[in-house]
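Thanks for coming, everyone. I'll keep this quick: interface first, then rings, then charges. Please have a look at the model before I start.

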Amino acid sequence: MSASGTVDQSVAAEAHQNSIASKSPFQLAIARFQRDRVAKFALGIITFYVLVALFAPVICAVLGISPYRLDGDALNDFGLPKGSFGGISGEHWLGVEPGTGRDLLARLMYGARVSLFVGFMATIVTTAIGIVVGVISGYKRGKIDAVIGRFTDLTLAFPSLLLIIALTRPITQRLESFGIPEGNPARIAYIILISAVFGWVYVARIVRGQTLSLREREFVEAARASGAGTWRIVFKELMPNLWASVIVTVTLSMPGYVATESTLSFLGLGMLPPTASWGAMLGDSVRYYRADPTYLFIPGIALIVLVLAFNIVGDAVRDALDPKADRQNIA
Amino acid sequence: MFLFITRRLFFALLLLFAVSVVTYLLFSALPVDPAALTCGKNCKPELIAANRVRLGYDKPLVEQYWLFLKGIFVGRDYGMGQAAFSCPAPSLGYSFSQHECVTTLIGKTFPVTAFLSIGAFILWMFIGVGSGAIAALNKGKWQDRLANAFTAIGVSLPTFYVGLLVLFSVVIWLGILPFPHYESPLEDPVKFLNAMILPWITLAVLSAASYTRLTRNGMLEAMNEDFVRLGVAKGLTRRVVLRKYVMRSAMVPIVTIAGLDFAALLGGAIITESVFSLPGMGKLSIRAVVESDLPVLVGTTMVAAVFIVLANVIVDISYGFLDPRVREK
């Protein structure tokens with residue numbers, strides 16, 4: 001705790017020099033996270049992916065490659081990449097796409113834009129709905145909680161993958177009739193929407209449980225006694241304590257949405273060519289498994305590395321935010 | 001206890017009723033004309049109209065739903081006179097693209113899905129719980145890190161990708177097994193096993209991952225509990241403490257999730273069955289999606305929902321038996 005008024009100024013300054021400075025739980029968590037070298041490396045990888053996705057057009061221009069330019073010279077008479085390992089060369093660092101000769105590195109970078117956008121947006125929408133519903137459910141309790149609980153049961157009772165697949169075409173058409181541009185924008189919107197429809201439950205359940213126990217705690221009671229309104233209690237007292245579990249859920253669920261996008265693309269319900277997405281690349285590459293196995297591994301490894309990075313960061317964040325973690329070792 | 005079970009079953013029935021309403025409305029709102037799909041492209045309008053009446057699609061939606069619901073309990077007759085046919089109870093409708101009762105189709109495909117689910121379940125519980133226990137007992141060492149990496153890959157790679165990698169590497173690149181082709185276990189057990197082993201491995205790899213994490217964390221948490229300290233203090237051997245105190249406590253949440261996962265699988269492993277061309281319920285569902293075969297879609301969705309809801313009830317009830325702390329309350 002900071003020095004009280006009765007302490008002499010110089011004593012306080014001396015105490016400060018001896019580094020008995022107070023640390024907020026958040027600062028402690030950051031300190032713990034920074035000790036975890038593997039997690040910091042994983043965070044670096046995620047940042048790298050995001051930057052590459054953001055600046056894909058610039059990088060492609062600098063390298064002189066394009067995700068859409070057809071390169072017949074890189075293909076042999078059978079439409080397969082010339083040379084070994086899927087046509088890897090000085091010109092095409094990761095080889096070319098069979099059939100079209102499009103550069104795979106460029107497609108991988110552009111694909112990251114779609115896949116990461118879908119993943120992040122689906123996570124944000126799902127989490128936002130989950131938090132709102134979970135907090136209302138846990139804080140208000142009673143009838144509202146019961147009604148939300150029944151909705152949760154209902155959502156969980158459906159075989160989600162089957163419905164996601166079955167509803168792709170009709171709902172995409174409906175979205176298009178609402179004015180969302182035809183083709184990929186509508187398909188992206190659908191994936192985000194349907195992920196939220198089935199995904200909010202998991203976030204809401206966790207948030208509700210946390211809220212139920214938090215609302216009985218002394219600091220919430222104190223805020224209520226001093227006349228704080230519901231909004232203030234929710235945003236100033238409850239939310240800061242919910243972040244920990246929310247962040248963990250977010251980092252662990254994000255790769256799942258990238259996987260959903262890729263599954264739909266694999267089934268021919270995802271992104272339309274020539275747009276590149278990792279899912280579409282995975283789905284496309286399996287058709288050339290025999291002639292061009294390298295192609296199979298390029299989007300796969302890109303996805304595995306991202307997924308691993310997210311999981312490591314998610315675990316590290318959970319460990320860092322865990323108040324039970326040892327406090328003595330923090331310098 | 002009896003009251004509790006009755007109450008849970010009652011709510012489960014209510015929930016299934018709600019699921020059936022939503023499913024029926026959802027699929028009826030799709031922009032497809034079921035009657036037009038009953039015959040090919042060169043179909044005469046009169047025949048389409050006749051089929052519409054025969055299958056009951058001319059009636060208002062509420063009546064259609066009522067007939068569907070009634071069919072589940074008393075069966076359903078279609079058409080009149082010579083062209084009449086019926087689907088006995090429990091009828092979930094009639095597939096106009098496969099020209100069979102939905103219940104018959106599900107009955108044919110369900111055994112495949114059941115074999116797939118049971119085998120995969122046994123395999124993933126062994127792998128998941130085993131590797132989780134090894135990770136927990138070697139916390140922070142290389143075994144733990146390896147298990148962690150395995151978990152990260154397993155929980156988030158798309159099923160189709162893992163399935164195809166398994167298929168390609170074993171069948172095509174290494175050539176250890178011939179290409180899988182499903183046969184009933186009664187007719188050709190060798191072919192059956194050959195068709196099942198790779199899907200089992202695929203599902204096990206994918207599902208075991210989260211069990212590894214659950215087991216590891218559950219065991220580590222249990223090791224800090226007072227009752228475990230008591231066990232050690234009583235002078236019990238490490239083996240007994242681990243098995244009877246730590247494992248038992250760590251298994252409670254695992255049993256819960258295992259029950260739900262297994263039930264979800266019984267509703268059809270859509271992607272795995274598609275990748276390995278297994279004629280199960282998942283394949284049936286996918287075919288129905290492609291052909292816009294609404295009665296089949298409603299049917300498989302309902303059957304899957306029944307499994308999920310039932311598993312929830314069973315898990316809830318079994319809680320009391322598994323965890324003495326719950327029982328005493």
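**The interface**

Let's begin with what is absent: the interface of chain B and chain A has zero salt bridges. A salt bridge here is a side-chain nitrogen of Lys or Arg within 4 Å of a carboxyl oxygen of Asp or Glu. Now the ground rules. This is a predicted model, where local features need pLDDT of at least 70 and side-chain atom pairs count only at pLDDT 80 or more, while totals for chains, interfaces and linings use all residues. Residues are numbered from 1 along each chain as its sequence is written, chains are lettered from A and ligands numbered from 1 in the order in which they are written, and side-chain values use heavy atoms, with hydrogens and water left out.

Back to the interface. How many residues does the contact take from each chain? It takes 41 from chain B and 40 from chain A, with contact meaning heavy atoms within 4.5 Å. The two chains bury about 3,400 Å² between them. Of that, 80% is on carbon and sulfur atoms. Buried area is the accessible area (1.4 Å probe) that two parts lose on being put together, summed over both.

**Aromatic pairs**

Next, the rings. Over all chains, the structure holds 16 aromatic pairs. The rule: rings of Phe, Tyr and Trp (its six-membered ring) pair if their centres lie within 6.5 Å; planes under 30 degrees apart count as stacked, over 60 as edge-to-face, and the rest as tilted.

One of the 16 is B:Phe110 with B:Phe307. That pair is stacked, at 5.5 Å centre to centre and 15° between the planes. B:Phe110 lies in helix α4 (residues 102–137) of chain B and B:Phe307 in helix α12 (residues 294–322) of chain B, so the pair ties together parts 197 residues apart in sequence. Helices here are DSSP runs (H or I, at least four residues), strands likewise (E, at least two), and both are numbered from the N terminus. B:Phe110 is partly exposed, with a relative accessible area of 25%. B:Phe307 is partly exposed too, at 21%. The cut-offs: buried is under 20% relative accessible area, exposed is over 50%, and partly exposed is in between (1.4 Å probe, protein chains only).

Now a second pair on helix α4 of chain B: B:Trp124 and B:Tyr211. Their rings are tilted, 5.8 Å centre to centre with 35° between the planes. B:Tyr211 sits in helix α7 (residues 189–223) of chain B, so this pair ties together parts 87 residues apart in sequence. Buried or exposed? B:Trp124 is buried, at 1% relative accessible area. B:Tyr211 is buried as well, at 0%.

There is also a cluster. B:Phe17, B:Tyr24, B:Tyr65 and B:Phe68 form one aromatic cluster.

**Charges**

On to the salt bridges.

Take B:Asp316 with B:Arg8, where the closest N and O atoms are 2.8 Å apart. B:Asp316 is in helix α12 of chain B and B:Arg8 in helix α1 (residues 2–28) of chain B, 308 residues apart. B:Asp316 is partly exposed at 28%. B:Arg8 is partly exposed at 21%.

Then B:Arg216 and B:Asp144, at 2.7 Å, N to O. This pair links helix α7 of chain B with helix α5 (residues 142–156) of chain B, 72 residues apart. B:Asp144 is buried at 7%.

Helix α5 of chain B also carries B:Leu146. At 55% relative accessibility, B:Leu146 counts as exposed.

Over to chain A. A:Arg215 forms a salt bridge with A:Glu216, the closest N and O atoms being 3.1 Å apart. A:Arg215 is buried at 11%, whereas A:Glu216 is partly exposed at 46%. A:Arg141 joins A:Arg215 and A:Glu216 in a network of salt bridges. What does the charged end of A:Arg215 sit over? The ring of A:Tyr139, 5.1 Å from its centre. The test is NZ of Lys or CZ of Arg within 6 Å of the ring centre and within 35 degrees of the ring normal.

**One check on chain A**

Last item. Among the residues that the unreviewed UniProt entry lists for "transmembrane region" in chain A are 114–139 and 151–168. UniProt positions are in the numbering used here, feature names are shortened, and annotations may be inferred rather than shown by experiment. Over residues 114–139 of chain A, the model is 100% helix and 0% strand, with end C-alpha atoms 37 Å apart. Over residues 151–168 of chain A, the figures are 83% helix, 0% strand and 22 Å.
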